Amino acid sequence: MQNQTGKKPLRVKILPPNPENFKILAQAIQKGEVVGMPTETVYGLAGDCFNSLALARIFETKERPTFDPLIVHVGQAAQGAPMGPMGVEELERQGIIDSSRLGSNSRNLIDRLIQAFWPGPLTLIFPKNHRIPDLATSGLSTVAVRMPEHPLALALIAACQRPLAAPSANRFGRISPTSAQAVAEELGDRIDWILDGGSCDIGLESTILSVNPSNSLDVRILRAGGCPKERIEEVLGFGVMDPLANPSVTPEAPGMLESHYAPNKPFILLAQPLSKLSDSELSLVFSNLADKFFGDLTHSKSVIKGKDKLKVGLLLISGDPEVAISRISPLTETPVLARSLSRNNDLRESAHSLFSEMRWLDSSPASIILVEPCQVQEGLGYAIADRLRRASAGSRKYS
Ligand code: TXA
Ligand code: MG
């Protein structure tokens, strides 16, 4: 297998799901190795959540700082295996959480959330069991847990007979992978196996929710994601706090850095969608862009030899990329490569294709990527807007 540049051979093998391969993967995980695992949100880099060596490998492979804790992925009962209904009691029995530190109201409410949303893209924060190594939780007294909805993730957890710690399978700070090939691009020189589960249905990470152990009315979203806040509030019957809307007031999840999910190229968030920019505003965007880009020595030295070489990648939240190009072409001489997250303005489709389209433009001949803002501030739109803001945080000097 070759990497993106087509030069360096990769050690990784992408395995199709079959009984023999599940055996290989389960044995590797039981020995403390780490493997690429599909989930319905994004691919994870999975290892035994009770094995400190495996956890250390996860951090090392991702180059992830150890202050950023992992999510523990739990499974369903394997056929014939003894397992109670999934809930607080079962998580305690598996040695993942410590329910003695959960008040009864919070415990009941968490059980309700589990009933409503698991398996699925909702991660819950619990008091941690002493059996979970501190490395998994970065020394916190809490542990993040979710049950993935992908049948292959559930089958892998069952085959290993243990819960699996798994962060997204990208190098730290980079775009999360939503296909086995994308995991190979990110980590193919560092891991042996990826289980191929095709492209991830949701395409955005899980929503992370914390319930205060002693006050069940204090429920907070720590990361917007695949499970929309509105659906959670429907199940709870009351509003949840959203520190993301006011980050200065309450800390978010420790790993939620301002700059995250970033392409290698400058990734510039437009102030307005194309449809709201007049022709003269749009021309100005392009001429400013060229000036700022070539004014930046890092890029003019390494990538581009002359102004005529600037190619711009354009990521549309919705609509037809050809229509966008035919509008832009008469306004600027800069060649544009446009992609759209959803031609029909379907948010589920936009979420599903967000990371793969970012990755596509990042490995295209474009030198710089412009992206429309996502103006829908509810449901999946909220999580898409969050990812775009963080992915563009390191490129603000260009906007
Ligand atoms: O959809 C997902 O959640 C994917 C798939 C693979 O399951 N996983 C994922 O993991 O996104 P990762 O490591 O990229 O993000 C985990 C986030 C981090 O931002 C981390 O700070 C937060 O979970 N987290 C983990 N443990 C926590 C805790 N005890 N309290 C608060 N936040 C926690
Ligand atoms: Mg991640």
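Author: A residue counts as buried under 20% relative accessible area, as exposed over 50%, and as partly exposed in between, with a 1.4 Å probe and protein chains only. This is a predicted model, in which local features need pLDDT of at least 70 and side-chain atom pairs count only at pLDDT 80 or more, while totals for chains, interfaces and linings use all residues. Residues are numbered from 1 along each chain as its sequence is written, and side-chain values use heavy atoms, with hydrogens and water left out.

Reader: Why is strand β5 called largely enclosed by the rest of the structure?

Author: Strands are DSSP runs of E with at least two residues, and helices are runs of H or I with at least four, numbered from the N terminus. In β5 (residues 122-127), six of the six residues are buried, so the strand is largely enclosed.

Reader: What makes β5 and strand β9 a pair?

Author: Pairing requires that DSSP finds at least two bridges between the strands, and β5 and β9 (residues 207-211) have four, in the parallel sense. The bridge partner of I125 in β9 is S210.

Reader: Why is the aromatic pair of Y261 and F355 called stacked?

Author: Rings of Phe, Tyr and Trp (its six-membered ring) pair if their centres lie within 6.5 Å, and planes under 30 degrees apart count as stacked, over 60 as edge-to-face and the rest as tilted. Y261 and F355 lie 5.7 Å centre to centre with 20° between the planes, so the pair is stacked.

Reader: How do you know whether Y261 is buried or exposed?

Author: Y261 has 2% relative accessibility, and therefore counts as buried.

Technical notes: Chains are lettered from A and ligands numbered from 1 in the order in which they are written.
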